[in-house]
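User: I'd like to go through the aromatic contacts in this one. Can you take me through them step by step?

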Amino acid sequence: MSGTSMSKRCHRVLVTLTDFKRQTLPEDNELRGEIKILDKKSLLLRIQNAAGKSDTHDDPPRYYRQMEVDAMGFEFEPQIRTELSDFLNQVFRLRTNGSLLRFAPKRNINTNLLTRLLVTEVDKLMMDLRCRLKSINVDYFDVRKFDMVNLITESTSVKNGRRLHQSGKPLPGTRELFTWLINDFVDLRGRGKGDDYLDFEFVFRNAQQVDHKVHIALFQIFKSEQRPDMAEFFRSLHLGRLTGSTLLHDCLRESFDLKCSTPAVVLFELPMTLGLGDTRRKILKLSDVAYSSLSKAYMLKPEPKSSSQSFINLRKERDVTVTSPRNRSPQRSEPDVSLANWRRTADEDSTGLAYWYGRIDRKFTELKLSMEQHFVTLYKRKSSSICSELQFNNQEGGGDRSQQDSTEMKSARKTYIELLKQFQKLEQTTSKTSFAPTLKIYIRKKNNELAEAEKSVKQREIDNMRLSLMQWINPGDSQTSLDQKSI
(Lines give C-alpha, C1' and ligand atoms only; values in the text may rest on other atoms or scores of the structure.)
Protein backbone atom coordinates (compact mmCIF):
# COMPACT_ATOMS: atom_id res chain seq x y z
CA MET A 1 0.00 0.00 0.00
CA SER A 2 1.19 3.43 -0.76
CA GLY A 3 2.34 5.84 1.85
CA THR A 4 -0.42 8.24 0.79
CA SER A 5 -3.19 5.93 1.80
CA MET A 6 -1.48 5.13 5.07
CA SER A 7 -1.23 8.82 5.94
CA LYS A 8 -4.90 9.64 5.34
CA ARG A 9 -6.93 10.87 8.25
CA CYS A 10 -8.34 8.02 10.25
CA HIS A 11 -12.03 8.94 10.03
CA ARG A 12 -13.59 8.79 6.57
CA VAL A 13 -17.13 9.54 5.40
CA LEU A 14 -18.48 7.76 2.32
CA VAL A 15 -21.78 7.96 0.46
CA THR A 16 -22.74 4.91 -1.60
CA LEU A 17 -25.55 4.90 -4.14
CA THR A 18 -27.57 1.75 -3.65
CA ASP A 19 -29.76 1.47 -6.77
CA PHE A 20 -27.00 0.48 -9.19
CA LYS A 21 -29.48 -0.12 -12.04
CA ARG A 22 -29.93 3.63 -12.36
CA GLN A 23 -26.32 3.99 -13.43
CA THR A 24 -27.18 2.91 -16.96
CA LEU A 25 -30.45 4.85 -17.17
CA PRO A 26 -30.71 8.44 -18.37
CA GLU A 27 -31.33 10.91 -15.59
CA ASP A 28 -35.02 11.70 -15.09
CA ASN A 29 -36.45 15.04 -14.13
CA GLU A 30 -36.77 14.23 -10.43
CA LEU A 31 -33.17 13.22 -9.83
CA ARG A 32 -31.76 15.86 -12.17
CA GLY A 33 -33.61 18.60 -10.35
CA GLU A 34 -32.87 17.30 -6.87
CA ILE A 35 -29.15 16.49 -6.86
CA LYS A 36 -26.22 17.00 -9.19
CA ILE A 37 -23.13 14.85 -8.63
CA LEU A 38 -20.12 16.99 -9.49
CA ASP A 39 -17.31 14.47 -9.04
CA LYS A 40 -16.24 11.55 -6.85
CA LYS A 41 -16.30 13.67 -3.71
CA SER A 42 -18.93 16.38 -4.05
CA LEU A 43 -22.49 17.07 -5.16
CA LEU A 44 -25.09 19.83 -5.28
CA LEU A 45 -28.30 19.41 -3.29
CA ARG A 46 -31.25 21.55 -4.27
CA ILE A 47 -32.49 23.85 -1.52
CA GLN A 48 -36.23 23.53 -1.08
CA ASN A 49 -38.37 26.54 -1.92
CA ALA A 50 -39.92 28.54 0.87
CA ALA A 51 -43.19 27.32 2.31
CA GLY A 52 -46.22 28.21 0.23
CA LYS A 53 -44.30 28.48 -3.03
CA SER A 54 -44.38 26.06 -5.88
CA ASP A 55 -41.72 23.34 -5.68
CA THR A 56 -42.31 21.18 -8.72
CA HIS A 57 -39.41 19.65 -10.54
CA ASP A 58 -40.56 21.32 -13.77
CA ASP A 59 -39.49 24.64 -12.28
CA PRO A 60 -35.83 25.51 -12.77
CA PRO A 61 -33.86 25.10 -9.54
CA ARG A 62 -32.92 28.38 -7.92
CA TYR A 63 -30.35 27.48 -5.26
CA TYR A 64 -28.11 24.51 -4.57
CA ARG A 65 -26.02 23.62 -1.56
CA GLN A 66 -22.63 22.03 -2.20
CA MET A 67 -21.69 19.03 -0.04
CA GLU A 68 -18.45 17.09 0.22
CA VAL A 69 -17.42 13.70 1.53
CA ASP A 70 -14.29 11.56 1.23
CA ALA A 71 -15.77 9.47 -1.58
CA MET A 72 -19.09 9.07 -3.36
CA GLY A 73 -20.37 6.53 -5.86
CA PHE A 74 -21.65 3.00 -6.24
CA GLU A 75 -20.08 0.32 -4.06
CA PHE A 76 -18.28 -1.33 -6.97
CA GLU A 77 -16.68 1.90 -8.20
CA PRO A 78 -12.93 2.39 -7.62
CA GLN A 79 -13.17 5.38 -5.28
CA ILE A 80 -15.37 3.45 -2.80
CA ARG A 81 -13.35 0.25 -3.05
CA THR A 82 -10.11 2.17 -2.52
CA GLU A 83 -11.34 3.85 0.67
CA LEU A 84 -12.55 0.57 2.16
CA SER A 85 -9.33 -1.20 1.18
CA ASP A 86 -7.25 1.57 2.76
CA PHE A 87 -9.28 1.25 5.95
CA LEU A 88 -8.64 -2.48 6.14
CA ASN A 89 -4.96 -1.96 5.33
CA GLN A 90 -4.59 0.44 8.24
CA VAL A 91 -6.17 -2.06 10.61
CA PHE A 92 -4.04 -5.06 9.66
CA ARG A 93 -0.74 -3.39 8.80
CA LEU A 94 -0.71 -1.23 11.93
CA ARG A 95 -2.30 -4.06 13.95
CA THR A 96 -4.87 -1.76 15.49
CA ASN A 97 -8.62 -1.95 15.91
CA GLY A 98 -11.08 -0.32 13.51
CA SER A 99 -14.77 0.53 13.14
CA LEU A 100 -17.24 0.63 10.26
CA LEU A 101 -20.49 2.55 10.74
CA ARG A 102 -23.12 1.68 8.16
CA PHE A 103 -26.12 4.04 8.03
CA ALA A 104 -28.96 2.33 6.16
CA PRO A 105 -32.48 3.68 5.46
CA LYS A 106 -33.94 0.16 5.75
CA ARG A 107 -33.43 -2.71 8.19
CA ASN A 108 -31.50 -4.88 5.77
CA ILE A 109 -28.12 -6.58 5.47
CA ASN A 110 -25.64 -5.61 2.79
CA THR A 111 -24.08 -9.06 2.36
CA ASN A 112 -22.10 -7.99 -0.70
CA LEU A 113 -20.33 -5.28 1.28
CA LEU A 114 -19.63 -7.51 4.29
CA THR A 115 -18.35 -10.53 2.34
CA ARG A 116 -16.14 -8.40 0.11
CA LEU A 117 -14.64 -6.47 3.01
CA LEU A 118 -14.32 -9.24 5.63
CA VAL A 119 -13.63 -12.20 3.37
CA THR A 120 -12.20 -11.19 -0.01
CA GLU A 121 -10.17 -8.21 1.20
CA VAL A 122 -8.90 -10.04 4.28
CA ASP A 123 -7.74 -12.98 2.15
CA LYS A 124 -5.87 -10.59 -0.14
CA LEU A 125 -4.24 -8.85 2.80
CA MET A 126 -3.09 -12.13 4.32
CA MET A 127 -1.32 -12.93 1.05
CA ASP A 128 0.20 -9.46 0.72
CA LEU A 129 1.45 -9.47 4.30
CA ARG A 130 2.59 -13.10 4.07
CA CYS A 131 0.50 -13.94 7.10
CA ARG A 132 -1.68 -16.90 7.95
CA LEU A 133 -5.13 -16.44 9.44
CA LYS A 134 -5.47 -18.64 12.54
CA SER A 135 -8.99 -17.97 13.74
CA ILE A 136 -11.97 -15.62 13.68
CA ASN A 137 -14.40 -14.91 16.48
CA VAL A 138 -17.71 -13.11 15.94
CA ASP A 139 -19.92 -11.47 18.53
CA TYR A 140 -23.30 -10.02 17.65
CA PHE A 141 -25.15 -7.57 19.90
CA ASP A 142 -28.61 -6.09 19.46
CA VAL A 143 -28.18 -2.50 20.70
CA ARG A 144 -31.32 -0.94 22.07
CA LYS A 145 -31.77 2.40 23.80
CA PHE A 146 -30.70 1.30 27.27
CA ASP A 147 -29.90 -2.36 26.80
CA MET A 148 -27.64 -4.63 24.77
CA VAL A 149 -28.43 -8.28 24.06
CA ASN A 150 -25.85 -10.79 22.84
CA LEU A 151 -27.82 -12.79 20.28
CA ILE A 152 -25.06 -15.35 19.79
CA THR A 153 -24.78 -16.09 23.51
CA GLU A 154 -28.50 -16.68 23.78
CA SER A 155 -28.50 -19.01 20.80
CA THR A 156 -25.69 -21.14 22.25
CA SER A 157 -27.12 -21.66 25.73
CA VAL A 158 -27.21 -25.21 26.99
CA LYS A 159 -29.92 -27.12 28.79
CA ASN A 160 -30.17 -28.61 32.28
CA GLY A 161 -29.25 -25.32 33.92
CA ARG A 162 -25.58 -25.46 32.97
CA ARG A 163 -23.78 -22.20 32.31
CA LEU A 164 -23.64 -20.56 28.91
CA HIS A 165 -20.84 -21.25 26.48
CA GLN A 166 -18.14 -18.65 26.11
CA SER A 167 -19.39 -15.57 24.32
CA GLY A 168 -18.93 -15.44 20.57
CA LYS A 169 -18.97 -17.65 17.51
CA PRO A 170 -15.55 -19.18 16.77
CA LEU A 171 -14.75 -19.70 13.08
CA PRO A 172 -11.58 -21.32 11.68
CA GLY A 173 -11.27 -19.12 8.58
CA THR A 174 -12.83 -16.77 6.03
CA ARG A 175 -14.67 -19.56 4.21
CA GLU A 176 -16.66 -20.31 7.36
CA LEU A 177 -17.12 -16.58 7.96
CA PHE A 178 -18.63 -16.24 4.48
CA THR A 179 -21.10 -19.03 5.24
CA TRP A 180 -22.00 -17.45 8.58
CA LEU A 181 -22.63 -14.04 7.00
CA ILE A 182 -24.99 -15.29 4.29
CA ASN A 183 -26.82 -17.85 6.45
CA ASP A 184 -26.69 -17.54 10.24
CA PHE A 185 -26.36 -13.77 10.37
CA VAL A 186 -29.47 -13.33 8.24
CA ASP A 187 -31.47 -15.51 10.62
CA LEU A 188 -30.15 -13.72 13.73
CA ARG A 189 -30.87 -10.29 12.26
CA GLY A 190 -34.54 -11.17 12.13
CA ARG A 191 -34.55 -11.39 15.93
CA GLY A 192 -32.99 -7.98 16.45
CA LYS A 193 -35.05 -5.02 17.60
CA GLY A 194 -32.48 -2.23 17.66
CA ASP A 195 -29.26 -1.39 15.85
CA ASP A 196 -26.50 -3.92 15.18
CA TYR A 197 -23.07 -4.11 16.78
CA LEU A 198 -20.85 -6.89 15.49
CA ASP A 199 -17.31 -7.50 16.72
CA PHE A 200 -15.02 -9.47 14.41
CA GLU A 201 -11.79 -10.67 16.01
CA PHE A 202 -9.08 -11.79 13.59
CA VAL A 203 -6.07 -13.70 14.93
CA PHE A 204 -3.23 -14.13 12.43
CA ARG A 205 0.43 -15.17 12.42
CA ASN A 206 3.18 -13.40 10.48
CA ALA A 207 6.28 -14.82 8.80
CA GLN A 208 8.24 -14.52 12.07
CA GLN A 209 5.71 -16.84 13.76
CA VAL A 210 4.36 -14.03 15.92
CA ASP A 211 0.61 -13.95 16.57
CA HIS A 212 -1.37 -10.72 16.23
CA LYS A 213 -4.97 -9.86 16.97
CA VAL A 214 -7.21 -7.10 15.61
CA HIS A 215 -10.87 -6.25 16.14
CA ILE A 216 -13.19 -4.75 13.53
CA ALA A 217 -16.41 -3.33 14.96
CA LEU A 218 -19.36 -3.10 12.59
CA PHE A 219 -22.28 -0.86 13.55
CA GLN A 220 -25.43 -1.01 11.44
CA ILE A 221 -27.61 2.01 12.21
CA PHE A 222 -31.02 1.69 10.60
CA LYS A 223 -33.52 4.32 9.44
CA SER A 224 -30.71 6.84 9.32
CA GLU A 225 -32.96 9.58 7.91
CA GLN A 226 -34.93 9.49 11.18
CA ARG A 227 -31.93 9.78 13.54
CA PRO A 228 -31.52 13.38 14.75
CA ASP A 229 -29.63 11.93 17.74
CA MET A 230 -26.82 10.90 15.40
CA ALA A 231 -26.62 14.39 13.91
CA GLU A 232 -26.19 15.79 17.41
CA PHE A 233 -23.59 13.13 18.15
CA PHE A 234 -21.42 14.18 15.19
CA ARG A 235 -21.90 17.90 15.84
CA SER A 236 -20.46 17.53 19.33
CA LEU A 237 -17.24 15.77 18.21
CA HIS A 238 -15.15 18.82 17.36
CA LEU A 239 -16.30 20.52 20.57
CA GLY A 240 -14.46 17.92 22.62
CA ARG A 241 -17.60 16.61 24.29
CA LEU A 242 -19.97 13.83 23.35
CA THR A 243 -23.67 14.24 23.99
CA GLY A 244 -26.51 11.78 24.10
CA SER A 245 -27.68 9.25 26.65
CA THR A 246 -28.29 6.15 24.54
CA LEU A 247 -26.19 3.02 24.73
CA LEU A 248 -25.39 3.32 21.02
CA HIS A 249 -23.59 6.62 21.65
CA ASP A 250 -21.53 4.90 24.35
CA CYS A 251 -20.58 2.18 21.88
CA LEU A 252 -19.47 4.74 19.30
CA ARG A 253 -17.26 6.76 21.62
CA GLU A 254 -14.23 4.50 21.25
CA SER A 255 -14.45 4.80 17.45
CA PHE A 256 -14.10 8.58 17.63
CA ASP A 257 -11.62 8.96 20.47
CA LEU A 258 -9.59 11.98 19.40
CA LYS A 259 -6.70 10.96 21.67
CA CYS A 260 -6.08 7.78 19.70
CA SER A 261 -5.95 7.42 15.92
CA THR A 262 -8.34 4.52 15.54
CA PRO A 263 -9.42 4.00 11.89
CA ALA A 264 -13.14 4.41 11.29
CA VAL A 265 -15.34 4.57 8.19
CA VAL A 266 -18.78 6.19 8.26
CA LEU A 267 -20.76 4.87 5.30
CA PHE A 268 -24.13 6.32 4.28
CA GLU A 269 -26.26 4.33 1.85
CA LEU A 270 -28.22 6.68 -0.41
CA PRO A 271 -31.26 5.14 -2.17
CA MET A 272 -31.67 6.36 -5.75
CA THR A 273 -35.19 4.97 -6.20
CA LEU A 274 -37.80 7.46 -7.40
CA GLY A 275 -40.15 8.84 -4.80
CA LEU A 276 -37.57 8.92 -1.99
CA GLY A 277 -36.48 12.52 -2.41
CA ASP A 278 -37.15 13.48 1.21
CA THR A 279 -35.21 10.43 2.47
CA ARG A 280 -32.24 11.28 0.24
CA ARG A 281 -32.25 14.87 1.41
CA LYS A 282 -32.13 13.89 5.11
CA ILE A 283 -29.39 11.30 4.57
CA LEU A 284 -27.24 13.76 2.65
CA LYS A 285 -27.66 16.40 5.34
CA LEU A 286 -26.59 13.88 7.99
CA SER A 287 -23.55 12.86 5.92
CA ASP A 288 -22.63 16.52 5.53
CA VAL A 289 -22.83 17.04 9.31
CA ALA A 290 -20.64 13.96 9.87
CA TYR A 291 -18.02 15.02 7.32
CA SER A 292 -17.76 18.66 8.42
CA SER A 293 -17.70 17.75 12.13
CA LEU A 294 -15.04 15.07 11.69
CA SER A 295 -12.97 17.44 9.56
CA LYS A 296 -13.10 20.09 12.29
CA ALA A 297 -12.31 17.53 14.97
CA TYR A 298 -9.37 16.24 12.96
CA MET A 299 -7.90 19.73 12.58
CA LEU A 300 -8.46 20.76 16.21
CA LYS A 301 -7.50 17.55 17.99
CA PRO A 302 -4.19 17.36 19.92
CA GLU A 303 -1.27 15.33 18.67
CA PRO A 304 -2.57 11.73 18.89
CA LYS A 305 -0.83 8.54 19.81
CA SER A 306 0.07 6.52 16.77
CA SER A 307 -2.18 3.57 16.04
CA SER A 308 0.69 1.13 16.42
CA GLN A 309 1.69 2.57 19.80
CA SER A 310 -1.92 2.42 20.98
CA PHE A 311 -2.08 -1.19 19.91
CA ILE A 312 1.12 -1.97 21.83
CA ASN A 313 -0.28 -0.32 24.97
CA LEU A 314 -3.49 -2.25 24.60
CA ARG A 315 -1.60 -5.52 24.31
CA LYS A 316 0.48 -4.66 27.42
CA GLU A 317 -2.66 -4.05 29.45
CA ARG A 318 -4.33 -7.18 28.14
CA ASP A 319 -1.31 -9.40 28.90
CA VAL A 320 -0.50 -7.93 32.32
CA THR A 321 -0.12 -11.40 33.91
CA VAL A 322 1.88 -12.89 31.07
CA THR A 323 5.68 -12.64 30.89
CA SER A 324 6.44 -14.71 27.81
CA PRO A 325 4.62 -16.43 24.92
CA ARG A 326 5.28 -19.76 26.64
CA ASN A 327 3.19 -18.70 29.62
CA ARG A 328 0.29 -17.14 27.76
CA SER A 329 -3.10 -18.63 28.36
CA PRO A 330 -4.31 -20.43 25.23
CA GLN A 331 -7.98 -19.61 25.68
CA ARG A 332 -9.87 -17.82 22.93
CA SER A 333 -10.19 -14.16 23.72
CA GLU A 334 -13.63 -12.65 23.89
CA PRO A 335 -14.46 -9.39 22.11
CA ASP A 336 -13.67 -6.22 23.93
CA VAL A 337 -17.09 -5.77 25.46
CA SER A 338 -15.50 -4.72 28.73
CA LEU A 339 -16.80 -1.79 27.02
CA ALA A 340 -14.26 0.68 26.37
CA ASN A 341 -17.02 1.13 23.76
CA TRP A 342 -19.91 1.14 26.23
CA ARG A 343 -18.33 2.80 29.22
CA ARG A 344 -19.20 6.15 30.71
CA THR A 345 -18.12 7.64 34.01
CA ALA A 346 -20.40 7.87 36.98
CA ASP A 347 -20.35 11.65 36.70
CA GLU A 348 -22.08 11.38 33.32
CA ASP A 349 -24.73 8.88 34.33
CA SER A 350 -25.16 7.56 37.86
CA THR A 351 -28.20 5.41 37.13
CA GLY A 352 -27.74 3.99 33.63
CA LEU A 353 -26.34 0.71 32.39
CA ALA A 354 -22.97 2.27 31.51
CA TYR A 355 -22.53 3.36 35.14
CA TRP A 356 -22.74 -0.28 36.26
CA TYR A 357 -20.30 -1.38 33.58
CA GLY A 358 -17.84 1.21 34.89
CA ARG A 359 -18.21 0.03 38.50
CA ILE A 360 -17.73 -3.61 37.50
CA ASP A 361 -14.65 -2.81 35.39
CA ARG A 362 -12.95 -0.80 38.14
CA LYS A 363 -13.57 -3.41 40.81
CA PHE A 364 -12.49 -6.23 38.48
CA THR A 365 -9.19 -4.46 37.71
CA GLU A 366 -8.41 -4.17 41.43
CA LEU A 367 -9.39 -7.80 42.02
CA LYS A 368 -7.27 -9.12 39.16
CA LEU A 369 -4.15 -7.25 40.31
CA SER A 370 -4.59 -8.43 43.90
CA MET A 371 -5.11 -12.01 42.71
CA GLU A 372 -1.82 -11.89 40.82
CA GLN A 373 0.03 -10.41 43.83
CA HIS A 374 -1.47 -13.09 46.09
CA PHE A 375 -0.23 -16.00 43.97
CA VAL A 376 3.18 -14.39 43.37
CA THR A 377 3.80 -14.13 47.11
CA LEU A 378 2.28 -17.58 47.74
CA TYR A 379 4.60 -19.40 45.36
CA LYS A 380 7.54 -17.29 46.47
CA ARG A 381 6.88 -18.49 50.01
CA LYS A 382 6.57 -22.11 48.85
CA SER A 383 9.86 -21.91 46.98
CA SER A 384 11.64 -20.45 50.00
CA SER A 385 10.15 -23.11 52.26
CA ILE A 386 11.28 -25.96 50.00
CA CYS A 387 14.80 -24.56 49.78
CA SER A 388 14.97 -24.29 53.58
CA GLU A 389 13.82 -27.87 54.04
CA LEU A 390 16.44 -29.11 51.62
CA GLN A 391 19.04 -27.09 53.54
CA PHE A 392 20.12 -25.12 50.51
CA ASN A 393 19.38 -21.79 52.11
CA ASN A 394 22.60 -21.33 54.10
CA GLN A 395 22.74 -17.55 54.00
CA GLU A 396 22.56 -15.62 57.26
CA GLY A 397 19.31 -13.87 57.95
CA GLY A 398 17.33 -16.56 56.17
CA GLY A 399 14.91 -16.83 59.11
CA ASP A 400 14.15 -13.10 59.00
CA ARG A 401 13.61 -13.26 55.25
CA SER A 402 11.29 -16.25 55.66
CA GLN A 403 9.28 -14.38 58.28
CA GLN A 404 9.11 -11.35 56.00
CA ASP A 405 7.87 -13.54 53.11
CA SER A 406 5.21 -15.01 55.40
CA THR A 407 3.99 -11.57 56.44
CA GLU A 408 3.88 -10.39 52.84
CA MET A 409 1.95 -13.50 51.81
CA LYS A 410 -0.66 -13.05 54.54
CA SER A 411 -1.13 -9.39 53.66
CA ALA A 412 -1.60 -10.16 49.95
CA ARG A 413 -4.03 -12.98 50.74
CA LYS A 414 -6.06 -10.76 53.05
CA THR A 415 -6.33 -8.06 50.38
CA TYR A 416 -7.33 -10.60 47.72
CA ILE A 417 -10.06 -12.16 49.88
CA GLU A 418 -11.44 -8.75 50.80
CA LEU A 419 -11.63 -7.60 47.16
CA LEU A 420 -13.18 -10.92 46.16
CA LYS A 421 -15.92 -10.37 48.74
CA GLN A 422 -16.46 -6.83 47.44
CA PHE A 423 -16.81 -8.11 43.88
CA GLN A 424 -19.32 -10.75 44.98
CA LYS A 425 -21.25 -8.09 46.88
CA LEU A 426 -21.30 -5.94 43.76
CA GLU A 427 -22.66 -8.92 41.83
CA GLN A 428 -25.51 -9.23 44.34
CA THR A 429 -26.20 -5.51 44.05
CA THR A 430 -26.45 -5.60 40.27
CA SER A 431 -28.90 -8.52 40.46
CA LYS A 432 -31.41 -6.12 42.05
CA THR A 433 -31.20 -3.50 39.30
CA SER A 434 -33.41 -3.21 36.22
CA PHE A 435 -30.37 -4.19 34.13
CA ALA A 436 -29.89 -7.52 35.94
CA PRO A 437 -30.15 -9.85 32.87
CA THR A 438 -27.51 -7.93 30.91
CA LEU A 439 -25.18 -7.39 33.87
CA LYS A 440 -25.43 -11.06 34.84
CA ILE A 441 -23.93 -12.05 31.50
CA TYR A 442 -21.22 -9.41 31.82
CA ILE A 443 -20.23 -10.46 35.37
CA ARG A 444 -20.16 -14.10 34.27
CA LYS A 445 -17.73 -13.08 31.55
CA LYS A 446 -15.55 -11.29 34.12
CA ASN A 447 -15.54 -14.33 36.40
CA ASN A 448 -14.37 -16.46 33.47
CA GLU A 449 -11.62 -13.94 32.72
CA LEU A 450 -10.50 -14.05 36.35
CA ALA A 451 -10.40 -17.87 36.35
CA GLU A 452 -8.32 -17.95 33.15
CA ALA A 453 -5.97 -15.26 34.48
CA GLU A 454 -5.53 -17.27 37.68
CA LYS A 455 -4.53 -20.35 35.66
CA SER A 456 -2.00 -18.28 33.73
CA VAL A 457 -0.44 -16.80 36.87
CA LYS A 458 -0.23 -20.17 38.62
CA GLN A 459 1.46 -21.79 35.62
CA ARG A 460 3.93 -18.93 35.37
CA GLU A 461 4.85 -19.07 39.05
CA ILE A 462 5.17 -22.87 39.01
CA ASP A 463 7.63 -22.56 36.11
CA ASN A 464 9.56 -19.87 37.97
CA MET A 465 9.67 -22.00 41.14
CA ARG A 466 10.91 -25.02 39.19
CA LEU A 467 13.73 -22.98 37.65
CA SER A 468 14.68 -21.58 41.07
CA LEU A 469 14.94 -25.07 42.53
CA MET A 470 17.04 -26.21 39.58
CA GLN A 471 19.42 -23.34 40.25
CA TRP A 472 19.77 -24.41 43.89
CA ILE A 473 20.34 -28.05 43.01
CA ASN A 474 22.71 -27.61 40.09
CA PRO A 475 23.42 -24.09 38.81
CA GLY A 476 25.32 -25.42 35.80
CA ASP A 477 22.49 -27.66 34.60
CA SER A 478 19.86 -24.98 35.14
CA GLN A 479 21.89 -22.50 33.09
CA THR A 480 22.19 -25.08 30.31
CA SER A 481 18.43 -25.63 30.47
CA LEU A 482 17.80 -21.92 30.21
CA ASP A 483 20.13 -21.62 27.22
CA GLN A 484 18.29 -24.43 25.47
CA LYS A 485 14.93 -22.74 26.07
CA SER A 486 16.23 -19.48 24.68
CA ILE A 487 17.38 -21.31 21.54
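Predicted model: local features only at pLDDT ≥ 70, side-chain atom pairs only at ≥ 80, totals over all residues.

User: Is Tyr197 buried or exposed?

Analyst: The cut-off for buried is under 20% relative accessible area. Tyr197 comes out at 0%, so Tyr197 is buried.

User: How many aromatic pairs turn up, and what kind is Tyr197 with Phe219?

Analyst: Searching the whole structure gives 15 aromatic pairs. For Tyr197 and Phe219, the ring centres are 4.8 Å apart with 10° between the planes. Planes under 30 degrees apart count as stacked, so the Tyr197–Phe219 pair is stacked.

User: How many residues apart in sequence are the parts that this pair ties together?

Analyst: Tyr197 belongs to strand β10 (residues 195-205). Phe219 sits in strand β11 (residues 211-222), so the pair ties together parts whose separation in sequence is 22 residues.

User: What about Phe233 and Phe256, what type of pair is that?

Analyst: Their ring centres lie 5.9 Å apart, and the planes meet at 70°. Over 60 degrees is the edge-to-face range, so Phe233 and Phe256 are edge-to-face.

User: Where does Phe256 sit, and which residues share its aromatic cluster?

Analyst: Phe256 is in the loop between α8 (247-253) and β12 (264-270), while Phe233 is in helix α7 (residues 228-235). Phe256 is buried at 3% relative accessible area.

User: Which residue has its charged end over the ring of Tyr379?

Analyst: Here a charge meets a ring. At 5.0 Å from the centre of the Tyr379 ring, the charged end belongs to Lys382.

How values were computed:
Residues numbered from 1 in each chain as written. Heavy atoms only, no water. Phe/Tyr/Trp six-rings, centres within 6.5 Å; stacked < 30°, edge-to-face > 60°. Helix = DSSP H or I, 4+ residues; strand = E, 2+ residues; numbered from the N terminus. Buried < 20%, exposed > 50% of the residue type's maximum accessible area, 1.4 Å probe, protein only. Lys NZ or Arg CZ within 6 Å of the ring centre and 35° of its normal.
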